[in-house]
Amino acid sequence: MVPRASLTRAARRTLAPQCSKRPGHCRTLASAKSSSYNYETGEANGIKFASRDLPGPTTQLALVARAGTRFQLYPGFAEGLEKFAFKSTYKRSSLRITREAELLGGELFAYHSRENLVIGAKFLREDLPYFTELLGEVVSKTKFTRHELQEEVVRVIKLGQKSILGNTGDMVLNSAHAVAFHRGLGTALHPTSSVPITQYLHEGSLEKFSRAAYAKPNFAVVANGASHDELSKWVGEFFTDSPAGPPKDLPPIETKPSKYYGGEERIAHDGGNNMIIAFPGSGAYTGGHYKPEIAVLSSLLGGQSYIKWSPGFSLLARATKAQTQAHVSTRNLSYSDAGLLTISMAGNAQHIREASEAIVEILKAISGGDIAKEDIQKAIANAKFRTLEAGQNIGSGLELTGAGLVQSGKASQLDGIAEAIDSVTEDKVKKAAGSLLEGKATVSSVGDLFVLPFAEEIGLHV
């Protein structure tokens, strides 16, 4: 076990029995006043932060940077930056970071999405100073050594590339994004084995990109289970070395608005059958492209059941009851300035073909008003619950809130989302379905292309 003498000043302070000296800093439960699921926002030394002082003895802290695959300068940079999180810094080795986190009983995590890079930790509430200092150190003092890049980072990336080759679900989702958005959001979430990442991924260039990704205007710190004043204090103290802006010799991070194109792509594969029919969806609530009627339409289409022993109320669940070997589900994937409404199918190729035909007929029925009012009411209730559940979830709430602060300076607040969904009417849902059919669809198919249909064969325009 790592001796306490080896811990940093902040770590020793958090481990010391301070309750008798500073009782105000040893709370284990948040006050009733702060039990709301809305975030309190602020700024310290030019860094945006947000907190929810939820009751409980643990805290989850995350740094959300605008450095996902959409914003990476070269292939593999988002993945490389994620893998370098909690590696050696100029103050501590990766081994020391691991041992200290274990000593405090914490967990460290890092992942990236299409728009964001998220690094964070889960820990006991009283250890907030140590883990805030650690995140600040990752941002400004990571070494980016050649041996760690070659022996650990690139090796793990290449192992992930091999798993992608056999995952038809990931393949069809990446295909749908590429067809819908081309570059930016269309960039694959993880580089495939055919992408020459070693041509771009060097320790020097990755370090330069980190200074742009971790520049103060480009990230936010979000906490669940921490008081606003405490978080403000430690962010202001431990993020002083964060760069004020990107390096002058580095191209600026691309912020061009997303554009929807649509089209079709077909990939032969003998590892399974997947098909996605997608349309322009709703952006995030914190952006200017939020469409609550798309969330309701997603629940109305559905496909998957949330009630045990029941196929569910959704139209696709009822329409595809005979296609027992095809799993159908509908989701709206929201981003800062765009969204993608996806209807995913997986399973038997013939059953997927039959289910895809039913999808188009149901969209026509909704746009024509041939839908029961009760189904609309159920869809509104389900959409409200699913959206609020996702926002209330600590993990997804951290990324949503951090991304909102970086992109627009606004946190994702549940009260406003609920009001927007409640305002959706039957006419809005009909118009939304009609606009989808009138525009260009995105259709991606992976698997047995002899059976899987073309978009034109099921009545879609691409």
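Biologist: Which exposed residues sit on the face of α3 turned away from its buried side?
Modeller: Leu95 and Glu102. Keep in mind that this is a predicted model.

Biologist: And which residues of α3 are buried?
Modeller: Ile97, Glu100 and Ala101. The helix itself covers residues 94–103.

Biologist: Why do you say they line one face?
Modeller: Look down the axis of α3: the buried residues fall within an arc of 100°, so they line one face of the helix.

Biologist: What covers them?
Modeller: The cover includes β4, residues 107–112. It also includes α4, residues 128–141.

Biologist: What is the phi of Gly105, after α3?
Modeller: Positive, near 75°.

Biologist: Switching topic. Where does Thr330 lie?
Modeller: In strand β9, which spans residues 326–334.

Biologist: Is Thr330 buried or exposed?
Modeller: Buried. Its relative accessibility is 4%, and the cut-off for buried is under 20%.

Biologist: What does Thr330 touch, leaving out residues up to four places away in sequence?
Modeller: Ser298, Leu301, Gly302, Gln304, Leu316, Leu341, Thr342 and Ile343.

Biologist: Tell me about Gly302. How far apart are Thr330 and Gly302, in sequence and in space?
Modeller: They are 28 residues apart in sequence. C-alpha to C-alpha, they are 5.1 Å apart.

Biologist: Which atom of Gly302 lies 2.7 Å from a polar atom of the Thr330 side chain?
Modeller: The backbone oxygen of Gly302.

Methods: Residues are numbered from 1 along each chain as its sequence is written. This is a predicted model: local features need pLDDT of at least 70, side-chain atom pairs count only at pLDDT 80 or more; totals for chains, interfaces and linings use all residues. Side-chain values use heavy atoms; hydrogens and water are left out. Helices (H or I, at least four residues) and strands (E, at least two) are DSSP runs, numbered from the N terminus. Buried means under 20% relative accessible area, exposed over 50%, partly exposed in between (1.4 Å probe, protein chains only). Contact means heavy atoms within 4.5 Å. A polar contact is a pair of N or O atoms within 3.5 Å; within protein, one must be able to donate a hydrogen and the other to accept it, and residues adjacent in sequence count only if both atoms are side-chain atoms. The arc is that of the directions from the helix axis to the C-beta atoms.
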